[in-house]
Amino acid sequence: MVFVVSGALALTGASAGLTPAQAAHVSAAAQESAVSTIVGKVVGRDGDPIPDVTVWATRTNDASTAASGADGRFEIEVAREGSYALSFDAPDVGGGITYDLSLKTPRVAAGARTDVGTVKLVPPASWGTSHIEVKISNLRAVGSGEEDPAYIYLKNNRGDYVKVDSVYQDIDTKRTAYFRDIAPGRYRVVVPATGQSLVITVGKGETAKRTLKLKKPAKRGNLVVKTARGLRVETFVVSNAAGLDISGQYASESHPVRDLPVGTYTVTAHRASGDVVTKVKVRAGRTTTAVLPLRFGGAVKVKVKAPSAAHSPLVILKGVGTAKRYEFRVSEKTGELVGRRIAPGRYRVIVRDVDEAGRKFTRGGAKDAYYKGKTLKKSTIITVKRGKTTKLSTITMK
């Protein structure tokens, strides 16, 4: 306050001889340039302070940051008036995971000190103090080298893929998959390349160690992807039945995807007007052709109320009695979406809180929401008709 008062006195002296309009302009400029401060305290679920949390204060074309101290308190200097969005980054845990919280400050006045009070931080769903280490042997079974690693996935007891790591067969390189800072519980380690999996239970604060010897996939086949005449796509992705992209991304021209383990695969072409999806079975010793169809289906319109305006949840249409599946991202600005080119049929609607990489939960940690139901099986089935737009009532996430 002393600094502000001194500044005001100096301004009055410097304004001598100016017209009232000029003096007002100088005063406004001085207020705009006055440094403001946002203060608060971050604590965990137990109420204990959390040190070394990076706190971001952002608004249009402006961002400031500071770290919390040993007592959990933080103090951020901002140069402009207005309301700021605060977000919080984990203190070097789990690869810099962002806490599941974003809040907006009251209007910060020039030169003022705005206290947001105590902020309770909720970590991501899969985050904790436990660790899993899986030593992988016989990597030659999948032919993984330095430029072609074997990917090892971690799946929680809800069926969500929460982490991924890679291992290599080369001498003196990494052969252990590490899954750190996870919540205690039961997990399944999955190796898509061989179809193997391993169930591991880890306690709070413990490190569970296991070994897994890879088996050479007994049967493999090839896949050729083609597009129907009149369908233009830039890229397509081939993924296995578990939804994991195990073959990379390819151009839309006829392209062979070789040496795939036998099984069912989904081929997805990403387009601005909606994804085109087809399923295909790869058989041992054969080359299977998958044709991406030209579909002019119906549309679905829905509005989603998310816990935070910063969210853009994923709306999933899951076919009833079929393998059809469509995914659409909700608009961050309006909370609405219009999903187009949907094959006619019956669908159940799921709204999921995932980030751009497909990982479960973003900043709100919201649970899955179902259209007019608390579970998928009890949700209302919608019908999509060719050339028609099916309008749904608002879906609220909690």
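What follows is an account of the salt bridges and of the exposure of their partners.

Please bear in mind that this is a predicted model. Side chains of opposite charge can pair when their charged atoms come close. With a cut-off of 4 Å between a side-chain nitrogen and a carboxyl oxygen, the count comes to 5 salt bridges. I shall discuss some of them.

Let me begin with Arg73 and Asp71, whose side chains form a salt bridge with an N to O distance of 3.8 Å. Asp71 has a relative accessible area of 40% and is therefore partly exposed.

I turn next to Glu75 and Arg113, which meet in a salt bridge at 3.3 Å, N to O. This pair links distant parts of the chain, 38 residues apart: Glu75 belongs to strand β4 (residues 73-78), and Arg113 to strand β7 (residues 113-120). How accessible are the two partners? Glu75 is partly exposed, at 44% relative accessible area, whereas Arg113 reaches 56% and so counts as exposed.

The last pair for today is Glu133 with Arg180, a salt bridge in which the closest N and O atoms are 3.8 Å apart. Because Glu133 lies in strand β8 (residues 127-137) and Arg180 in strand β11 (residues 176-182), this pair ties together parts that are 47 residues apart in sequence. Is Glu133 buried or exposed? Its relative accessible area is 17%, so Glu133 is buried, the limit for that class being under 20%.

Thank you for your attention.

Key:
Residues are numbered from 1 along each chain as its sequence is written. This is a predicted model: local features need pLDDT of at least 70, side-chain atom pairs count only at pLDDT 80 or more; totals for chains, interfaces and linings use all residues. Side-chain values use heavy atoms; hydrogens and water are left out. Buried means under 20% relative accessible area, exposed over 50%, partly exposed in between (1.4 Å probe, protein chains only). Helices (H or I, at least four residues) and strands (E, at least two) are DSSP runs, numbered from the N terminus.
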